[in-house]
Amino acid sequence: MRPRSGPTVQHRVLASRLRTLRERAGVSLQAAAVALGAHPATVRRIERAETGLDARQVRVLLDRYAVSPAEAEPIMAGLAAASLPGWWHQWRDVMEPWQQEVIGIESSAAVVRTWHPALVPELLRTPAYEAALCRALSAHAAPRRDRHLELLAERQRRLEERGAALWALFPAAALRTSVGGPAVMAEQRAVLEEAAHRQHLTVQVVPLDFPPHPMTGVPPLHLLRVPAPEIGDRAVLETPGSRVDIIDEPAAVMDYRIRLDAACAAAPHPGSPLPRGTGSAGNP
């Protein structure tokens, strides 16, 4: 059994299929557990991708659910790939458990939408901006910060490499907050201006004199969409006090999507010039 670093999407898909097959067969959790010689909680954890996929257990469950060989074969064949650790596994020493879950979904997301009420969103930050922010907001030693920066750079690279769509919305106040000083902000601004010309990237900045909008007062929010019917959309809400809520209830996720849609529709059109600010180069 590999050390846990959060399930991959392939793992989640297989786990979801096992639950669907059990329900289709009319087999209870208790009955499935009896077949395994385990506690019902074990079956529940398998179906929630909270534990590694064991080939013997999966075979026993498929037999109990009377799954045909034609349907069982691709499931068994996919076990090896689904059991591999995610690419982020090597950075798990600097990741919180919630980050492992979020990055596990983000790594296969076709669309990532993000809102930050005060800062440049994480997936658009330059290394210098993120390093300065870490120094200001956390007490972690330099080696841990360096590892964190490596992880962020890899997330950004992989997102761009697979052509995932990133849509970011944030207020102009983020460009007036001097993170790391004028040089760091000038570089960050240049990256944001260049981003407006990239095919899979949408950046919208809410002006300082903009009226309240549906995202006003909402903590950092990320919406993740994976192109797999077994995996529902996720909303990740970073609430005050270092608490993070990962929301998968469809109605709640839809509510956040509607609010973000309305805020984006009201904000300046993507590609509009970035507002000037003191954070960029010391200009008034």
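This is a predicted model: local features need pLDDT of at least 70, side-chain atom pairs count only at pLDDT 80 or more; totals for chains, interfaces and linings use all residues.
Residues are numbered from 1 along each chain as its sequence is written, and side-chain values use heavy atoms, with hydrogens and water left out.

Gln99 counts as buried because its relative accessibility is 16%, buried meaning under 20% relative accessible area, exposed over 50%, and partly exposed in between, with a 1.4 Å probe and protein chains only. The residue belongs to helix 7, where helices (H or I, at least four residues) and strands (E, at least two) are DSSP runs numbered from the N terminus. From there the side chain of Gln99 reaches the backbone nitrogen of Glu96 at 2.6 Å.

The loop between helix 6 (79-83) and helix 7 (97-106) holds Trp87, which also counts as buried, at 18% relative accessibility. Leaving aside residues up to four places away in sequence, Trp87 touches Ile103, Ser107, Leu151, Glu154, Arg155 and Arg158, a contact being heavy atoms within 4.5 Å. Pro240 is 153 residues from Trp87 along the chain, and 29 Å separate the C-alpha atoms of the two.

Two packed helices are described by the angle between their axes and the distance between the axes. Helix 2 (residues 29-36) packs with helix 3 (residues 40-47) at an angle of about 100 degrees, the axes being 8 Å apart, which makes helix 2 roughly perpendicular to helix 3, a label for angles of 65 to 115 degrees. Leu29, Gln30, Ala32, Ala33 and Leu36 of helix 2 make this contact with Pro40, Val43, Arg44, Ile46 and Glu47 of helix 3. Sorted by class, the contact of helix 2 with helix 3 has seven nonpolar, one polar and two charged residues.

Strand 4 (residues 221-225) has four of its five residues buried, so this strand is largely enclosed by the rest of the structure. Strand 4 pairs with strand 1 (residues 111-115) in the antiparallel sense over five bridges, two strands being paired if DSSP finds at least two bridges between them. Four bridges also join strand 4 to strand 5 (residues 234-239), and these two run antiparallel.

Technical notes. A polar contact is a pair of N or O atoms within 3.5 Å; within protein, one must be able to donate a hydrogen and the other to accept it, and residues adjacent in sequence count only if both atoms are side-chain atoms. Axes are lines fitted to C-alpha atoms, for helices over the stretch in contact, and angles run from 0 to 180 degrees between N-to-C directions. Angles under 35 degrees count as roughly parallel, over 145 as roughly antiparallel, 65 to 115 as roughly perpendicular and the rest as oblique. Ala, Val, Leu, Ile, Met, Phe, Trp, Tyr, Cys and Pro count as nonpolar, Asp, Glu, Lys and Arg as charged, and the others, Gly among them, as polar.
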